[in-house]
Each structure stands twice: as structure tokens, then as C-alpha cells.
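Open the model in your viewer and keep the selection tool handy.

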Amino acid sequence: MSLSFDPDTLPLPIGHFIGGELIEVPGEIDMKRPSDGKPYAGCPIASPATVDRAVETAKAALKTSNWGGLRPRERVRVMHAWADLIEAEAETLARMEALSSTRLISQLAAGDIAVTAEQIRFFAEFADKEGGDVVPTDDKTFGMILSEPYGVVGAITPWNFPVSMAGWKLGPALAAGNAVVLKPSEMTPFSTVYLAELAVRAGLPAGLFNVVLGDGLSTGTALTGHLDIAKVSFTGSTRAGSAIMENIARTGIKPVTLELGGKSPQIVFQDADLSKAADAIVGSVLFNAGQACVAATRVIVEASVAGQFTEALIARMADIGPGPTWDEATRYSPIISERQRDRIDAIVAAAIKEGGRCIAGGKPMDRSGYFYEPTLLTDLDPSSPAILEEIFGPVLTLQTFEDEEEAMALADHPTYGLAAGLFTSDLSRTIRLSRQIQAGTVWINRYSRSRDHILPTGGYKRSGIGKDLGREAYLANRKTKSVLISL
């Protein structure tokens, strides 16, 4: 059965989802499909009053359902049923996501959607396996560390992987006994609304998971600054993360998890499997057209093999297969918007004007939609914005080194430290340099996540605070209390 579909006939749940019901409201933000630039819907903007309603509904649902106080296996049962429904409705979710986002229908049902269901199940299983502790004290006292949910968690997710990023936030927060009010990106909101509908159908008490649509300036600010939001979890740009921290500091103190921008180095030594390294790096920057915070954007290759490796990169970047996201034959994604495509092009043009050399791509593609050619830049000054700024597009920069010390100096970024890649056959070198690289994730002789959800993800420097995924994400949604009893 073909996954391809007609984008003009797909029904969409346009509205907020509060208290277990879709609240249909007119769209205020004009939305265009990245694949062809055609207007197709409007995204509503939740006012502060609507955000307040969603938060109050979540608070009430926590109290009436006693979600955080249930036997943990009851939470597990509901979340497993939700994961089952996500898998059963994978095609519908995939179509909603492919319509508005840059994600390809061929990658969604078996990829993003299936992974989201796995994540929900993974975090559910922490519910009855992580708790408090009895601690050693003298024989006249009894000491305990109690673990409790925060209450209502405010979550904001990005446009590049809408459903799976929602799973990152929802899985640990709900398994830990919290309620969630989530704002998806105004560019890609509708699959998240449908995800909330499935949660209620699976048995999650109505109101525990509410979705408010809107922009960051109005809706996002109201959500993160709300006095009854006990914790905030955000994935997006470093600039937006800084604004969220400022807003929280202005309205009250609360914990945050921030997964932010990146400019990941890929260090390739002459003893690496160069073919495998080229596959991994180009695969990363072509995946979702480089629109991922961990995209492998900075190639740092040993000078003795730089020519050979450059040819390998160029050959792989030529084989792309662009097309609409709703056609399962498509292998290469559009850029999310005309504005973002033009920003990519401006950075590339500036790099060339400043003396950089473009040896592949370098311009928008001549077709409908917001497509950009896979691009490789070299001969750049280290201070070039193409090297320093997160471009969020299919653009690689290439630098060379003579020894490890120079490689590490080039790899170290003044701002970002989200992920890094290291390609070498020297085991001692992998261990030694993995310890030196300032990044929250280091991939060795590969460049991609696996389905091992136990591995946390998060950044160093301005790439974020805290971790998503792993045991760390579950524990970040619980607060601890010390209790000391005199006997």
C-alpha cells in the first residue's frame, strides 16, 4: 500500500486541545506547505487567557485523577495503551506531519512515529522502578529521600521533528506523574493535537495533556511565565532558550530543561574508513535537509586525505532525489519556509564574498517549494559566520588539520557543544579525544542516534541545560524531599 497522499484532501484538527476536547478556533498565522509554497491552513494563537485555562485544567485533572498518586503500574498501563494507538494511527499522524513539515512520508510511519511510541513505552517503565531512597543515618534517626512529581510541566517543541520531540517531553513528564501543557511550533502544530486526542482515547485522564497553539512571543511567553507551571522543557534555538530563561527569571524561579542549538564538528583522521565517514556525514546533513540541531555541519579532516575525502563528499551530495514530502518516492526534504531558505542563502553568499570557495551547491533549487542545494564550502576564515553560526540547512564547511592538537582546536566551538563525530580506527585515540571534546554526545565512526533511548541527549555550553531521553529525563521530572525522623 502506497503512503503517498493528496495534500489537498487531508483533514486537520485546527484548534487547541484542552480538557480532552478539540476547541476549534480560527487560524491567525498563515501557513504554507514547504514542499510547494501553497497556503493550506491557519494556526490559531492562544491568548494568555487560553493558556491560563489550559494550565488550570491540567491542575484540576491532576487533583481529580490523582495521576501522580496512582499505583505506578496504572500509569504504565495507560501509557502503553497510548503507544499502541500511536502505532495503530501511524499513517494518519505521518500524513499530518508530512503535510506541514519537512519530514518525508517515507520516513515517518516506520521512523519518527514508531520511535515516538517506543519512547512512550520506555519512559512508562520508569514509573515503578525509580523512586525515593532510605539513607544511612545514626541509630536514633531514620532518613528518607522522597521523590515527587512537579505538578504541571510546560513544554515547547520545535518544527523539525514535531511528534518525536513531543514524545521527548511527554514520555518522562507523564510517566513521572505530572500533567503537561504543550505548545508545538506554529509551523507544524496539527500532528501534536492529534497525538493528544489519541492519549485521551487510550485512557489518559482528560486534561492531563493539553495542547495550546500559537507563537513564541505571545503563547510561549504566557506558558513559560505562568505561575502555576512548575517546570519548563524546551527544544529549539539558543536565542529562544535565552528568552525563555529571561522570562522565567522575570516571573519566578522554576527548573528548566533546554535542548538548544548546535554546530557539530566531524573530525576525520587519515586512518578512518573514509567511505563510511563520508556516508555518515553526508547522510546527516542530507537528512531533513540539515534541519536538525545535531546536523554534521563542520567537517575537519586530516590534510593528507582532504582531497580524497572532499571528492567522496561531493559525489554523495549529488545523489539527493528532492520532491514533495507527501510523495513516498522523495528522498530529500525542502526547507521549512521561504524566510529560512533565504537566510541559508545569505550566509552562503556572504561566505563566498568573503573569500570562501563553494565546491558544491550554493543556491536555492529551481523548483516549487523551498528547496536548497546540498552545499560544501571550504577555504573559510575561522571567524566566518558559515563556521560559527547554526545555519540549519544542508551546508557543510570543510577545514583541514595536521595533528590532533590542531584538530581539537578547530573542533572546539566558542558557543555550541551539542554533538560531535570522530572517525578513526585508533581505539586509544577515540577514548582520549572523546574525553577532550566539549559536547554532550560524541559519536564514534557513525553519526546518528540509535533507538537506545537510555542514552541521554543534551548540550554543553550554550547548547542547553539538562538532558532529554535516558534515565536523566525521567528524574528531571521529579523533585526530591529530604525527611529525617527522630526515633
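**Stop one: around Trp-82**

In this predicted model, select Trp-82 and show its surroundings: beyond residues up to four places away in sequence, Trp-82 touches Ile-120, Leu-170, Leu-174, Leu-195, Leu-198, Ala-199, Ala-202 and Phe-209. Now widen the view to the largest nonpolar core, which has 87 residues. Within that core, the residues that touch the most other members are Trp-82, Ile-86, Leu-170 and Phe-209. Next, pick Met-365, Leu-376, Ala-386 and Ala-419, which are among the members of a second, separate core of 48 residues.

**Stop two: Glu-259**

Select Glu-259 next; the UniProt annotation "active site", from an unreviewed entry, covers this residue. Switch to a cartoon and you will find Glu-259 in strand S11, which spans residues 256–259. Is Glu-259 buried or exposed? Its relative accessible area is 1%, so Glu-259 is buried, the cut-off being under 20%.

Show the contacts of Glu-259 as well, leaving aside neighbours within four places in sequence: they are Trp-168, Phe-234, Thr-235, Gly-236, Cys-293, Leu-418, Arg-449, Thr-457, Ser-463 and Asp-468.

**Stop three: the cysteines**

Note on methods:
Residues numbered from 1 in each chain as written. Predicted model: local features only at pLDDT ≥ 70, side-chain atom pairs only at ≥ 80, totals over all residues. Heavy atoms only, no water. Core = buried A, V, L, I, M, F, W, Y, C linked by side-chain atoms within 4.5 Å. Buried < 20%, exposed > 50% of the residue type's maximum accessible area, 1.4 Å probe, protein only. Contact = heavy atoms within 4.5 Å. UniProt positions renumbered as here; feature names shortened; annotations may be inferred. Helix = DSSP H or I, 4+ residues; strand = E, 2+ residues; numbered from the N terminus.
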